[in-house]
Amino acid sequence: MMPEDAAKYDTDTNRPLNKGYLECGLPSYLKISLENMKKSWEIEDSGQCDLHWDLYWCELNADINSAEADGVISSEQAWYLREAYLRMERNENV
């Protein structure tokens with residue numbers, strides 16, 4: 001590994017710092033929910049109101065939970081998606 005590449009990986013886990021790899025291999029229903037949520041956040045973040053935001057948020061949350069419970073995605077993937085797309089914060093003390 002080249003020295004400049006070392007900065008791109010966590011020194012403790014040797015995993016990439018960019019966690020986009022956790023989006024690989026997602027089931028199609030989860031990809032659709034993610035796309036809907038991304039579009040909704042774009043509207044909301046632009047200062048407009050998306051009347052379907054809460055629907056997309058709940059749908060994505062349910063799809064993440066279902067995929068995790070069914071073993072389709074790992075807990076690590078589930079939390080990555082929650083933090084990235086639902087903007088949830090993980091509380092390690094709970």
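A: What follows is a close look at α4, with its packing partners α2 and α3.

First, the ground rules. This is a predicted model, where local features need pLDDT of at least 70 and side-chain atom pairs count only at pLDDT 80 or more, while totals for chains, interfaces and linings use all residues. Residues are numbered from 1 along each chain as its sequence is written, and side-chain values use heavy atoms, with hydrogens and water left out.

Now the setting. The chain has four helices and zero strands, so called from DSSP runs (H or I, at least four residues, for helices; E, at least two, for strands), numbered from the N terminus. Reading along the sequence gives α-α-α-α. Of its 94 residues, 27% count as buried, where buried is under 20% relative accessible area, exposed is over 50% and partly exposed is in between, using a 1.4 Å probe and protein chains only. For contacts (heavy atoms within 4.5 Å) between residues at least 6 apart in sequence, 51% join residues at least 24 apart.

On to the helix. The buried residues in α4 are Gln77, Ala78, Trp79, Tyr80, Leu81, Arg82, Tyr85 and Leu86, and they pack against α2 and α3. Much of this story runs through the largest nonpolar core, which has 16 residues; a nonpolar core here is a set of buried Ala, Val, Leu, Ile, Met, Phe, Trp, Tyr and Cys residues joined through side-chain atoms within 4.5 Å. Two or more of the core residues come from each of α2 (28-45), α3 (53-69) and α4 (75-86), and α4 gives the most, with five. Leu30, Leu60, Ile64, Ile73 and Leu81 have the most contacts inside the core. Take Ile73: setting aside neighbours within four places in sequence, Ile73 touches Leu26, Pro27, Leu30, Ile64, Ala67, Glu68, Ala78 and Leu81. As general background, nonpolar side chains in soluble globular proteins tend to be buried together.

Next, the geometry with α2. The two helices, α2 and α4, pack at about 25°, with axes 10 Å apart; axes are lines fitted to C-alpha atoms, for helices over the stretch in contact, with angles from 0 to 180 degrees between N-to-C directions. That makes α2 and α4 roughly parallel, the label for angles under 35 degrees. The α2 side of the contact is Leu30, Leu34, Met37, Lys38 and Trp41, and the α4 side is Leu81, Tyr85 and Leu86. By class, the tally is seven nonpolar, no polar and one charged.

Over on the α3 side, Asn61 is worth a stop; Asn61 sits in helix α3 and is buried at 18% relative accessible area.

Finally, the way out of the helix. Arg87 lies in the segment after α4 and takes a positive phi of about 60° although it is not a glycine. Arg87 is partly exposed, at 42% relative accessible area.

Methods: Angles under 35 degrees count as roughly parallel, over 145 as roughly antiparallel, 65 to 115 as roughly perpendicular and the rest as oblique. Ala, Val, Leu, Ile, Met, Phe, Trp, Tyr, Cys and Pro count as nonpolar, Asp, Glu, Lys and Arg as charged, and the others, Gly among them, as polar.
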